[in-house]
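Hi there,

Here is the structure I promised to pass on to you.

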Amino acid sequence: MTEHRTSSFEHPPAGVDPLDPRGALLHTPTPPLAPDVTALPAQSRTGGESADPADAAALTPAPGGAGPEHAQPAAAEPDIHHRPRPVPEGIPVQPSGEQERSAEALEPPGGRERRTGQGLPPGRPMPMRRDGDRLRFVGAATRRIARGMDLDEIVMGLCRATVPTFSDAILVYLREPLPVGDERPVGPLVLRLRRTDRIPPERDTDGVGFVPALPPEPELSVGGAELCEVRPGSALGEVLRGVRPVFTDTPAAQAALAELLGEAGAGDATVPGGQHAILAPLRGRRRVIGAALFLRRAERLAFEPDDLLVAAQLATHSALGIDKAVLYGREAYIADELQRTMLPETLPRCTGVRLASRYLPAAETARVGGDWYDAIPLPGSRVALVVGDVMGHSMTSAAIMGQLRTTAQTLAGLDLPPQEVLHHLDEQAQRLGIDRMATCLYAVYDPVAHRITIANAGHPPPVLLHLGGRAEVLHVPAGAPIGVGGVDFEAVELEAPAGATLLLYTDGLVESRLRDVWTGIEQLREKLSATAQLTGPDHPPPLEALCDEVLDMLGPGDRDDDIALLAARFDGIAPSDVAYWFLEPEDSAPAKARRLARRALARWGLEELSDSVELLVSEVVTNAVRYASRPVTLRLLRTDVLRCEVGDDVPQLPRLRQARATDEGGRGLYLVNRLARRWGATRLSAGKVVWFELNRNQG
């Protein structure tokens, strides 16, 4: 076997790209033997013995290395009359016994190596053996880089794979910001130092990889600028545009290195140059996205031309991995944003009930799903509690979930009964498609009556945790899932005592491959009871802590589906804090309403609100009795705020408008808008309710 003086990177064969990620090292053609070319010296052995032909089997890559297709067969007995079996392209031909003897005879005196002209250290592998080590190293390094899913993992994989096996230090620069897919970058090319890695002083690198081991040396200290702007036409810009890794032994490469490291890094005397540093551009699928700088100490052996091929392989695989990681990060961001916008950002603050919620995706790789929850304020200080589950956890499921959630909010605004809401949701699911199936539970809580009305469409039943610590599964007719069509839904009305907690959830919380639904529901009930015992019989557990405790019941194999959880603590409104009257639609109704409101405020000790309440009640009641044909209702509620509600049988909602100077009316709602803390109007099944709120300390 003869030595080929010119590296395959400098003069690659026709049709072969040195940056081909499929393995540029494996495309190096094997040069034919020539009588005028000196053969490589044989592997030195202890005692001066020549290498045994059977030692060629040691060049076979280890399992998990280059693979069986690159394995080298052991050398056989020489046969000059037998034509040797061809080997795969790029794998050096193993020398026969006769060739080894001739190579041993032609070994330069003093054991000097032709490639570098330096003395051959004891135990240093020959170039042919080092080519095999490079192949194994590139295979292991690319596998480590490919294991990364996100940007940091890939960059860390590159650093950990190269230090100390290939280099003593590495600096990785990435474009700021990184382009995504076909996105065309705007603005100048700016590189940010993403990560550095080096051999710590106490680390022993003897026998690691194919870098020859040397005595301990001073620590390599490299300080690079965090940001580097690449100017068009600059030395660094030309190197990055050339794509191929280069040594920093030319004036242009030295200028590029100085531009990359900045004034502080370039002026550091410990920064090696020449063939002790390789600057490798990182090129993705469409453009350069960064650069990697591989460094060796000045006292160590310099990089060889074949090491440029190794750097090219590492740079290519890292750049492609970074491209994929950026695309994956964008997809994960879109999924997160989609799921976040499909669910309520915050839960409303409703009178007489406290709320808490949780949502967990099925897995990190499946961030979107069809589970949702919602809390919708209703007229009369009521609140609608909704939880649903669309089949699957994909973008399609999330899109269907968003449509069903919007439909449920619209139907709740019409103040329809729970069973009617589910009926309309069923019709909407059938309009979306024949295979659009979902389960849903819809409940309406009335804090004044301390009652809750629940309708179910194939959803797991809710669990009610009483104040004393007893947890019970509510018996609610299951019904058919939404999307089946042609089915009727039934609603039940149950007691909702003050201090009790209602837990609504999806099947991902109680069902998995390891347990069925009813086993999970029983475990949930026991978990709630055990948690309530910790706070005593007279104090319910905090809602947020209760939700966390419920999720802690999930084991390692219990996450097969996404989970939506909604907890409602019923505080209710005491009868002594409620005042309710019927007013006939006549001209004396506003005066009677003012008188009744004044008496109620005096009974509650809120006389400082009398003027504001009487003025606003008079305006709202006047508008109601003007068009109503049935008795008008007036209700005052004392909670953390004072709330007034006026109901009539006219479905048209009032609108705030700007009255002209000559108009005799049209200023009632303007006064309400200026004086009230909040106000609104909600359409009922038989009329509407106009309400407003005042702060209790507002005079």
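Below is what I found in it, going from the whole chain down to single residues.

First, the ground rules. This is a predicted model, in which local features need pLDDT of at least 70 and side-chain atom pairs count only at pLDDT 80 or more, while totals for chains, interfaces and linings use all residues. Residues are numbered from 1 along each chain as its sequence is written, and side-chain values use heavy atoms, with hydrogens and water left out.

**The whole protein**

The protein has 13 helices and 21 strands; these are DSSP runs numbered from the N terminus, with helices being H or I of at least four residues and strands E of at least two. Of its 699 residues, 49% are buried, where buried means under 20% relative accessible area, exposed over 50%, and partly exposed in between (1.4 Å probe, protein chains only). The accessible surface comes to about 33700 Å², and carbon and sulfur atoms account for 52% of that; the areas come from the Shrake-Rupley method with a 1.4 Å probe, and for residues only the protein chains shown count as cover. Taking contacts (heavy atoms within 4.5 Å) between residues at least 6 apart in sequence, 71% join residues at least 24 apart.

**The cores**

A nonpolar core here is a set of buried Ala, Val, Leu, Ile, Met, Phe, Trp, Tyr and Cys residues joined through side-chain atoms within 4.5 Å. The largest one has 52 residues, and L385, L422, L425 and F570 touch the most other members. Strand β10 (residues 438-446) gives the most to this core, with seven residues. A second, separate core holds 35 residues, including V138, V180, I278 and A315. Beyond its neighbours within four places in sequence, F570 contacts several residues, among them Y445, I452, L464 and L502.

Strands count as paired if DSSP finds at least two bridges between them; β10 and β11 run antiparallel and are joined by seven. β11 (residues 451-457) is mostly covered, with five of its seven residues buried. β11 also runs antiparallel to β14 (residues 491-495), through five bridges, and T453 has E493 in β14 as its bridge partner.

**Backbone points to look at**

Most residues other than glycine have a negative phi, and most peptide bonds are trans. H450 is one to check: its phi is positive, about 55 degrees, although it is not a glycine. H450 sits in the turn of the hairpin formed by β10 and β11, which have four residues between them, and H450 counts as buried because its relative accessibility is 18%. S381 also has a positive phi, near 65 degrees. S381 lies in the loop between β8 (371-377) and β9 (383-390) and is buried, at 5% relative accessible area.

There are cis peptide bonds to see as well. One joins V163 and P164, with omega about 5 degrees, and P164 is in the loop between α3 (151-162) and β1 (169-175). Another joins E176 and P177, with omega about -5 degrees; P177 lies in the loop between β1 and β2 (189-198).

**Cysteines**

How many disulfides are there? The count is zero, taking a disulfide as a pair of cysteine sulfur atoms within 2.5 Å. C350 is buried at 13% relative accessibility, and C644 is buried at 1%.

Best wishes
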